[in-house]
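Have the sequence and the model open side by side.

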Amino acid sequence: MAAPSMAAALAASLPVPSAAPATPQPKYEAIPASMAKVIDIEAEIPLTNIQLDGMVVSKIIKHAREAPSTTAHGLLLGLDLDGTLEVSNSFPLPYHAHDDDEKSAKAIARHQGSMLRSLKEVQADDSVVGFYQATALGAFFNQTLVDTQAIHQEKLRHGGVVIVHDISQTARGNASFRAYRLTAAFMDAYKKSNFNTASLINHRLTFSSILEEVPLKIRTNPLLSSFLGTLTKSIPSPLADASPDEAYEAAVAPSYSALDLGTAGVTRNLEQIVEAVDAYRAEDGNVSYLIRQIARERAKADNYIAKRKEENQARIAQGLVPLPEEDVSRLFKVPAEPSRLESLLLLGQIDAYAKSLGDTASTSLVKMYAAKASAGM
């Protein structure tokens, strides 16, 4: 017991270290809204093109290939500078197939917040500049994409972009990446939540004027270029008795997908067109039913007003006091005109499927004629 007591006595005899004076924390004042545009000079420069890093391209392709169906989506991170939006990183968002919308939204929000905090801790890019969405056969028009992009264009400085990756094109050896954002006319109608016939005419909205494409280019750094060079470079075969044809082999096995006639893709494309047309006819039937119902209610209201005017004219002719005018909107519940947004999105899907079918069919025809000529038929 002597040792501990001596150590305690020595510790007690030592002078107590004085606490270091606390460093005053700097206080930052919020920038007034009137001065925000003056200080943030980059916000005044319009966005003209997108620069996609090669690593982001690889990550999106990998996520789209491993994700179930065409549900791959995630956030884009980067910086906008001198009118160029540089996308330097990305990360996927989880997909919940069997959860309800509320639980799925909360889980995605938690995952997104956790990833952004982790990136900030390692001093990586954590500024959200948009999101990416995988699609098949070029049909990416849907309500979820429009709602997400509308939120980004309202919250982000330059509005952000959505990069669409077509899985079907990648399967044929063509990496398809296109950048879009919502047009100003569509955003004006979206903020008012008004997509009736009059609003579509005033804003000149069709399915082709919902989104505008932004020029996109892919940037590869020297490290990635060197890696791709090693994949395409032939190396000597380790076999000592290899034949001349097998003396050199490539790091990546040759792919013969370009020789596929693509008949399966045409069949799938036709099925998607039929499904989209059926969905459009069903939506058009619902809208037509609501319009007929509105017309019936308005006819009842007009007849009531005309009848009340005739009664008042008769009472005035008899010297009686006319009946008071009643609020017709309280007597007859005329429904609001239905939204045409879903019809526009379905027309956009049909147009995308049709264009994809035209490209696939033309390529397949060329391959079939080439195969027929090579076979001597």
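Asp166 touches Thr135, Ala136, Leu137, Gly138 and Ser176, leaving out residues up to four places away in sequence. Touching, or contact, means heavy atoms within 4.5 Å. Asp166 sits in strand E5. Its relative accessible area is 8%, so Asp166 is buried. Buried means under 20% relative accessible area, exposed means over 50%, and partly exposed lies in between, with a 1.4 Å probe and protein chains only. Helices (H or I, at least four residues) and strands (E, at least two) are DSSP runs numbered from the N terminus.

A word on the source: this is a predicted model, in which local features need pLDDT of at least 70 and side-chain atom pairs count only at pLDDT 80 or more, while totals for chains, interfaces and linings use all residues. Residues are numbered from 1 along each chain as its sequence is written, and side-chain values use heavy atoms, with hydrogens and water left out.

Now take Ser199, in helix H8. Ser199 has a relative accessible area of 4% and is therefore buried. Beyond residues up to four places away in sequence, Ser199 touches Ala189 and Asn194.

Next, a pair of helices. Two packed helices are described by the angle between their axes and the distance between the axes. How do H5 and H7 cross? The axes of H5 (residues 143–155) and H7 (residues 184–191) come within 11 Å, and the crossing angle is roughly 100°. The axes are lines fitted to C-alpha atoms, for helices over the stretch in contact, and angles run from 0 to 180 degrees between N-to-C directions. H5 and H7 are therefore roughly perpendicular to each other. Angles of 65 to 115 degrees count as roughly perpendicular, under 35 as roughly parallel, over 145 as roughly antiparallel, and the rest as oblique. On the H5 side, Val146, Asp147, Ala150 and Gln153 make the contact; on the H7 side, Phe186, Met187 and Tyr190 do. These residues divide into five nonpolar, one polar and one charged. Here Ala, Val, Leu, Ile, Met, Phe, Trp, Tyr, Cys and Pro count as nonpolar, Asp, Glu, Lys and Arg as charged, and the others, Gly among them, as polar.

Phe186 leads on to the largest nonpolar core, which has 28 residues. A nonpolar core is a set of buried Ala, Val, Leu, Ile, Met, Phe, Trp, Tyr and Cys residues joined through side-chain atoms within 4.5 Å. Which members touch the most other members? They are Phe91, Phe140, Leu182, Phe186, Phe195, Ile210 and Leu211. Strand E2 (73–81), helix H4 (101–121), H5, strand E5 (161–166), strand E6 (176–182), H7 and helix H12 (341–374) each supply at least two residues of this core.

Look at two of its members. Leu182 touches Val146, Gln149, Ala150, Gln153, Met187, Ile210, Leu211 and Glu212, not counting residues up to four places away in sequence. Ile210 lies in the loop between helix H8 (197–203) and strand E7 (211–214). Ile210 is buried, at 0% relative accessible area. With the sequence neighbours up to four places away excluded, its contacts are Phe141, Arg181, Leu182, Thr183, Phe186, Leu344 and Leu345. Ile210 and Phe186 are 24 residues apart in sequence, and their C-alpha atoms are 5.8 Å apart.

A second, separate core has 17 residues, including Val56, Ile60, Leu76 and Ala179. Ile60 belongs to helix H3 (residues 54–66). Its relative accessibility is 2%, so Ile60 counts as buried. Neighbours within four places aside, Ile60 is in contact with Leu76, Ser90, Tyr132, His165 and Phe177. Ile60 and Phe177 are 117 residues apart along the chain, with 9.8 Å between their C-alpha atoms.

Turn to backbone angles. Most residues other than glycine have a negative phi. Gln123, not a glycine, has a positive phi of about 60°. Gln123 is in the loop between H4 and strand E4 (128–135), and at 75% relative accessibility it counts as exposed. Arg204, also not a glycine, has a positive phi of about 55°. Arg204 lies in the loop between H8 and E7 and is exposed, at 73% relative accessible area.

Finally, the whole protein. It has 12 helices and 10 strands. Buried residues make up 31% of its 377 residues. Among contacts with a separation of 6 or more, 71% join residues 24 or more positions apart.
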